[in-house]
Amino acid sequence: AQHQKGKLTARERIELLVDPGTFREYDAFVEHQCTDFGMATQKITGDGVVTGVGKINGRTTYLFSQDFTSFGGSLSRTFAAKVCKIMDKAMLVGAPVVGLNDSGGARIQEGVDSLAGYAEIFQRNVLASGVVPQISLVMGPCAGGAVYSPALTDFTFMVRGTSYLFVTGPDVVKAVTNETVTQEELGGAGAHTRRSGVAHDAFDNDVVALAQTRELLSYLPQSNREAPALRFTADPADRADAALDSLVPADSHQAYDMKDVVARIVDDARFFEIMPDYARNIVVGFARMGGRSVGVVGNQPLVSSGVLDIDASVKAARFVRFCDAFGIPLVTLVDVPGFLPGTQQEHGGIIREGAKLLYAYAEATVPKIAVTTRKAYGGAQCVMSSKQLRGDVNLAWPTAELAVMGAKGAVEILWRKDPAGRASAESEYNRVFANPLPAAQRGYLDDIIAPSDTRRRIIEELEILQHKKLANPAKKHDNMPL
């Protein structure tokens, strides 16, 4: 039945996810204890979920795989206990948790016991947050209360055409709001990777999704107690790329692709992008530099000139906080004209949402290296890993401009009563601010470098900063603007 729907079985998914021959199953003989509604005579060994531990890329990983062919993968009290057990073990030994979700939701016959089971899982998601990496793969339906477990994990992946995430399904939506909508429109992969931002990426089938999960885990540490694994690379640390010297157009209004910059400075041009289809005006993802895992954040001039808006701020803030929680250094590539103006953004809370990104960078204690490639205007310049937010190394290309705003806007304000003098004033403003020297003279930049030298400089700085020790003031927890 699973194959007819284009899906793999629960055990087939595990076989593809873990290294061959390494999976050890727990609680294979568990059965539910429900006796209501004829359930006493309906028992399936394992009770709808396969749980255990295996190796991924040679490293210990705990996982559960919901079995849609057993009671529709519905969650019972014993089902939840199995999942909670492997989550507890993962936190105890310090290893990631991967959840393969394919379930019809709560087992109605068990009533409140099923809801209690969900809450037990949610509690462990919260306790494990920032302690061990948590990854959710939605590979079938995931509805009702079940959706909040993936939402609490670090990364959520979906499979196009077969996976759905929604609090209430199309029938309930129709009954309550009289709105007719399909499962795909309401909670399909497209809806959550492009519009809601609930999912971090979507893949064409189960096989690709599992392979990409293995790839993601290769960049991450086992827990917050250890650093990400170093990986050998034949890509020279001192490799210069002359193409970078002419990559930024002379015309500041002309766009270029920040992903080209990323590909040219990281090891082997390999970049694992997170949320590639959501808030595309900012780029986030994992790469390696000199064999070390880094989190890359970069404004994207190709989309809305790389402006920061609500969605981009939240996307980047969550990524920055993940990297900080797990000791992954941050490399920030800055080309930002400011925050997006307008009533839609203001009324949507751009002040609060933009403050999330500022907060994330300010509280981060991992090594922080920023390179300004072109524009860095206004409050957005402060937000993007500036020196004042405890940036460790702030570099700039000769094409960089650090200012309150662009020349045209500044001159229109300063010379609003003297239109005739605007042309000469704009030239003067450009002379003073349309270069990185004033910021470097004030110590806001550590150096102005040749673009072709970017890779070498970042890798050298990462080497120096690898033993960085910095702690925030003691507190129960922070109160960031949610």
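Reader: Which residue in β2 does Tyr26 stand opposite?

Author: Tyr26 stands opposite Thr51 in β2. Keep in mind that this is a predicted model. Now the general idea. Strands of a sheet pair through backbone hydrogen bonds, either parallel or antiparallel.

Reader: In which sense do β1 and β2 pair, and over how many bridges?

Author: Strand β1, residues 24-26, pairs with β2 in the antiparallel sense. There are 3 bridges. One more pair to find: Glu25 has Gly52 in β2 as its bridge partner.

Reader: How many bridges join β2 to β3?

Author: Here 8 bridges join the two strands, which run antiparallel. Strand β3 spans residues 59-66. Look for Val53, which stands opposite Tyr62 in β3. The hairpin of β2 and β3 has 2 residues between the strands. In that hairpin, Asn57 takes a positive phi near 55°.

Reader: What is the order of strands in the open sheet?

Author: The sheet has 7 strands, in the order β1-β2-β3-β4-β5-β7-β9, and its pairing is mixed. Now check the two ends. The edges are β1 and β9 (201-203), each with a single partner strand, so one side of each has no neighbour in the sheet. From one strand to the next, the twist averages 25°.

Reader: Which helix packs on this sheet, and which strands does the helix touch?

Author: Helix α2, residues 77-93, packs there. This helix touches β1, β2, β3, β4 (97-101) and β5 (134-138). The direction of α2 makes about 165° with that of β3.

Reader: At what angle do α2 and α3 pack?

Author: The angle is about 10°, and the axes are 8 Å apart. Helix α3 covers residues 112-128. Angles under 35 degrees count as roughly parallel. That makes α2 roughly parallel to α3.

Reader: Which residues of α2 and α3 meet?

Author: From α2, they include Ala80, Val83, Cys84 and Met87. From α3, they include Gly117, Ile121, Leu127 and Ala128. Charged residues take part too. The contact divides into 8 nonpolar, 2 polar and 5 charged residues.

Reader: Let's turn to β13 and β14. In which sense do β13 and β14 run?

Author: They run parallel, joined by 6 bridges. Leu333 stands opposite Val371 in β14. On to the next pairing: β14 and β15 (residues 393-396) also run parallel, with 4 bridges. There, Ile369 stands opposite Val393 in β15.

Reader: Now a single residue. Where is Asp335 found, and is Asp335 buried or exposed?

Author: Asp335 lies in strand β13, residues 330-336. Its relative accessibility is 0%, so Asp335 counts as buried.

Reader: Which side chain makes a polar contact with the side chain of Asp335?

Author: The side chain of Tyr256 does, at 2.7 Å. Next, list what else Asp335 touches. Leaving out residues up to four places away in sequence, Asp335 touches Tyr256, Met258, Asn299, Pro301, Ser305, Gly306, Thr373, Arg374 and Lys375.

Methods
Residues numbered from 1 in each chain as written. Predicted model: local features only at pLDDT ≥ 70, side-chain atom pairs only at ≥ 80, totals over all residues. Heavy atoms only, no water. Buried < 20%, exposed > 50% of the residue type's maximum accessible area, 1.4 Å probe, protein only. Polar contact = N/O pair within 3.5 Å; in protein donor to acceptor, adjacent residues only side chain to side chain. Contact = heavy atoms within 4.5 Å. Pairing = 2+ DSSP bridges. Axes fitted to C-alpha atoms, helices over the stretch in contact; angles between N-to-C directions. Parallel < 35°, antiparallel > 145°, perpendicular 65-115°, else oblique. Nonpolar A, V, L, I, M, F, W, Y, C, P; charged D, E, K, R; others polar.
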